[in-house]
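Take a first walk through this structure. Look at the overall picture, then follow the text from one element to the next.

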Amino acid sequence: MKLRPVALGVALGSVWGVLLFIPTWISYYTGYGRLFLEVLAQSIYPGYTITPLGSFLGLLYGFADGFVSAALIGY
């Protein structure tokens, strides 16, 4: 069985994007995980903040990051 790099990239990119999107909203409303997101995501992704707009930016960054990483692994 051969891996399809684009399919793997879309799958992992979607998962990583959602895994940044949902915790951002949870942290925005409850404060839970705020320090984790500040240390991890804000240091890696420029412009990312724990706000509604930042959640969509994190979704895009996460998708791009996951897509490129998984596509490289797939090749």
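Predicted model: local features only at pLDDT ≥ 70, side-chain atom pairs only at ≥ 80, totals over all residues.

The expected span of a helix is 1.5 Å times one less than its number of residues. Helix 1 covers residues 5-30, 26 residues in total. From its first C-alpha to its last it reaches 37 Å, close to the expected 38 Å. After helix 1 comes G31. The phi of G31 is positive, near 85°.

Which residues of helix 1 are buried? They are P5, G9, G13, G17, L20, T24 and S27. An α-helix has 3.6 residues a turn, so residues three or four places apart point the same way. The cover over the buried residues of helix 1 includes helix 2 (34-44) and helix 3 (52-74).

Now turn to helix 3. It has 23 residues. Its C-alpha span, first to last, is 33 Å, close to the 33 Å expected. Its buried residues are G54, S55, G58, G62, G66, A70, A71 and G74. They pack against helix 1.

Is S55 buried or exposed? Its relative accessibility is 0%, so S55 counts as buried. What does S55 touch? Leaving aside neighbours within four places in sequence, S55 is in contact with F21, T24, W25 and T49.

Next comes the nonpolar core. The largest one has six residues: L20, L37, A41, Y45, Y48 and I50. Not counting residues up to four places away in sequence, Y48 touches L20, T24, L37, A41, Q42, G54, L57 and G58.

The aromatic rings are another feature. How many aromatic pairs does the structure hold? There are seven. In one of them, the rings of W25 and Y29 have centres 5.8 Å apart and planes at 20°; planes under 30 degrees apart count as stacked, so this pair is stacked. W25 and Y29 are four residues apart in helix 1, so about one helical turn separates them. Their accessibility can be set side by side. W25 counts as partly exposed because its relative accessibility is 25%. Y29 has a relative accessible area of 61%, so Y29 is exposed. Both rings belong to one aromatic cluster, formed by F21, W25, Y28, Y29 and F56.

Charged side chains come next. Side chains of opposite charge can pair when their charged atoms come close. A search of the whole structure finds one salt bridge. Which residues form it? R34 pairs with E38, and their closest N and O atoms are 3.6 Å apart. Both residues lie in helix 2, four residues apart, about one turn of the helix. R34 is partly exposed because its relative accessible area is 35%. E38 is partly exposed too, at 32% relative accessibility.

Finish at the loop between helix 2 and helix 3, where T51 is found. T51 has a relative accessible area of 29%, so T51 is partly exposed. Not counting residues up to four places away in sequence, T51 touches T24 and Y28. The side chains of T51 and T49 are joined by a polar contact of 3.0 Å. How far apart are T51 and G66 in space? They are 21 Å apart, C-alpha to C-alpha, and 15 residues apart in sequence.

Technical notes:
Residues numbered from 1 in each chain as written. Heavy atoms only, no water. Helix = DSSP H or I, 4+ residues; strand = E, 2+ residues; numbered from the N terminus. Buried < 20%, exposed > 50% of the residue type's maximum accessible area, 1.4 Å probe, protein only. Contact = heavy atoms within 4.5 Å. Core = buried A, V, L, I, M, F, W, Y, C linked by side-chain atoms within 4.5 Å. Phe/Tyr/Trp six-rings, centres within 6.5 Å; stacked < 30°, edge-to-face > 60°. Salt bridge = Lys/Arg side-chain N within 4 Å of Asp/Glu carboxyl O. Polar contact = N/O pair within 3.5 Å; in protein donor to acceptor, adjacent residues only side chain to side chain.
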